[in-house]
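Open the model in your viewer and keep the sequence panel beside it. This tour goes stop by stop: select, look, move on.

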Amino acid sequence: MSAIDNLPPLREVIATHELNARKSLGQNFLLDLNLTSKIARQAGDLTGCDVLEIGPGPGGLTRGLLAEGARRVLAIEKDSRCIPALAEVAAAYDGRLQVIEGDALEVNPLVYLTPPIRVAANLPYNVGTELLVRWLTPQQWPPFWTSLTLMFQKEVAERIVATPGSKAYGRLAILAQWRADARIVINLPPEAFSPPPKVSSAVVHLTALEEPRYPADPSVLSRVVAAAFNQRRKMLRASLKGVAPDIEDRLLAAGIKPTERAEQVSLEGFCALAREIKKT
Ligand code: SAM
């Protein structure tokens with residue numbers, strides 16, 4: 001029996017269900033249930049919330065979320081080998097866990113969830129980044145989620161919370177900080193996972209703001225920052241040439257020098273530029 005529930009320890013679950021980690025699915029499992037409960041606590045008060053978990057694997061974080069009192073957990077897992085292990089968790093937690101076998105990039109979870117909804121995940125970083133960008137850029141705001149608690153490679157986590165002028169500052173920082181409060185809440189060494197990845201990891205907690213910090217159209221802002229940071233060493237008048245006609249005039253109207261580089265421009269500046277571009 002484990003420290004948090006009546007289910008077997010995760011090592012036993014992995015052995016019983018022969019869940020040898022697959023690199024192609026980015027499988028680095030968390031085996032310490034005290035740690036998964038700690039991550040679940042960082043997601044905020046879960047009682048009265050539905051939680052969307054992406055990539056539950058053998059169920060370590062899932063059990064943490066349930067043990068911390070989530071009203072319901074909807075877990076989407078691509079690896080069919082994990083489904084029987086997760087069914088045991090569902091049985092032990094009185095139907096509060098629903099598991100969907102599928103690719104999180106393709107499944108629409110919203111039909112299964114009732115607000116308030118929090119999101120928690122320990123995902124391969126490429127899938128995590130893609131989902132984070134989607135969750136941050138819907139046309140309508142506020143979004144379906146009140147918070148996101150996500151594990152990333154440390155370097156990606158640092159990009160989410162980066163400030164202007166730093167090397168890590170870019171598209172992720174702007175999209176995250178425009179519509180959310182974002183902070184790193186836990187740092188984890190490679191040894192926290194089995195098998196250990198090559199790099200350190202960090203959990204980022206994002207809380208959705210009621211309103212974006214500055215007005216801007218999400219698709220225009222996304223396009224502008226993608227182009228600006230794609231060629232981050234170029235002056236903006238060059239990197240943004242293809243984004244809109246008369247780009248120098250628009251940069252000036254937004255209060256940005258056309259000779260500046262992307263990493264010198266604040267979030268407020270990029271939002272002003274997106275509004276200038278949207279005008280035509
Ligand atoms: N949450 C578990 C934990 O913390 O131990 C597993 C984490 S492991 C880093 C990532 C999990 O995401 C794996 O179980 C993997 O099979 C799953 N996964 C990978 N790509 C996925 C996708 N596109 N959709 C859903 N699950 C995915």
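Select lysine 23. It is exposed, with a relative accessible area of 76%; exposed means over 50%, buried under 20%, and partly exposed in between, with a 1.4 Å probe and protein chains only. Lysine 23 lies in the loop between α1 and β1. Helices here are DSSP runs of H or I with at least four residues, strands are runs of E with at least two, and both are numbered from the N terminus.

A word on what you are viewing. This is a predicted model, in which local features need pLDDT of at least 70 and side-chain atom pairs count only at pLDDT 80 or more, while totals for chains, interfaces and linings use all residues. Residues are numbered from 1 along each chain as its sequence is written, and side-chain values use heavy atoms, with hydrogens and water left out.

**Two loop residues with positive phi**

Go to glutamate 18. Its place is in the loop between α1 (10-16) and β1 (29-30). Phi of glutamate 18 is near 50 degrees, a positive value in a residue other than glycine. Is glutamate 18 buried or exposed? Glutamate 18 is exposed, at a relative accessible area of 60%.

Next, pick aspartate 246. Look in the loop between α9 (236-239) and α10 (247-253) for aspartate 246. Phi is near 55 degrees for aspartate 246, again a positive value in a residue other than glycine. Aspartate 246 is exposed, with 52% relative accessible area.

**A buried arginine**

Select arginine 63, in helix α3 (residues 60-67). Arginine 63 counts as buried, at 1% relative accessibility. What does arginine 63 contact, leaving aside its neighbours within four places in sequence? Show Ser2, Ile4, Asp5, Leu7, Pro8, Leu10, Val13, Leu33, Val89 and Tyr93. Contact means heavy atoms within 4.5 Å.

**The ligand**

Centre on the ligand. How many residues surround the ligand? There are 21, and the closest are Leu30, Gly55, Glu77, Asp103 and Asn122. A residue is near a molecule or strand if one of its heavy atoms lies within 4 Å of it.

Then try glycine 55, where a polar backbone atom is 2.8 Å from a nitrogen atom of the ligand. At proline 56, a backbone N or O atom lies 3.4 Å from a nitrogen atom of the ligand.

**Two cis peptide bonds**

Select proline 115 and proline 116. A cis peptide bond joins them, with omega about -5 degrees. Proline 116 sits in the loop between β4 (97-101) and β5 (117-122).

Move to tryptophan 141 and proline 142. They too are joined by a cis peptide bond, with omega about 0 degrees. Proline 142 is in the loop between α5 (125-136) and β6 (147-153).

**A histidine in a strand**

Pick histidine 205, in strand β9 (residues 201-208). Histidine 205 is buried, at 7% relative accessible area. Which backbone oxygen lies 3.2 Å from a polar atom of the side chain of histidine 205? The backbone oxygen of glutamine 42 does. Not counting residues up to four places away in sequence, histidine 205 touches Gln42 and others, including Ala43, Ser147, Asp181 and Val185.

**Phenylalanine 229 and a helix pair**

Last stop: phenylalanine 229, in helix α8. Phenylalanine 229 is buried, with a relative accessible area of 11%. Beyond four places in sequence, phenylalanine 229 touches Tyr169, Gly170, Arg171, Ile174, Ala262, Glu263 and Phe270.

Show α8 (residues 218-230) with α11 (residues 267-278): their axes come within 9 Å and cross at roughly 115 degrees. Axes are lines fitted to C-alpha atoms, for helices over the stretch in contact, and angles run from 0 to 180 degrees between N-to-C directions. Among the residues making the contact are Val220 and Phe229 of α8 and Phe270 and Ile277 of α11. The contact residues divide into 11 nonpolar, no polar and one charged. Here Ala, Val, Leu, Ile, Met, Phe, Trp, Tyr, Cys and Pro count as nonpolar, Asp, Glu, Lys and Arg as charged, and the others, Gly among them, as polar.

Conventions:
A polar contact is a pair of N or O atoms within 3.5 Å; within protein, one must be able to donate a hydrogen and the other to accept it, and residues adjacent in sequence count only if both atoms are side-chain atoms.
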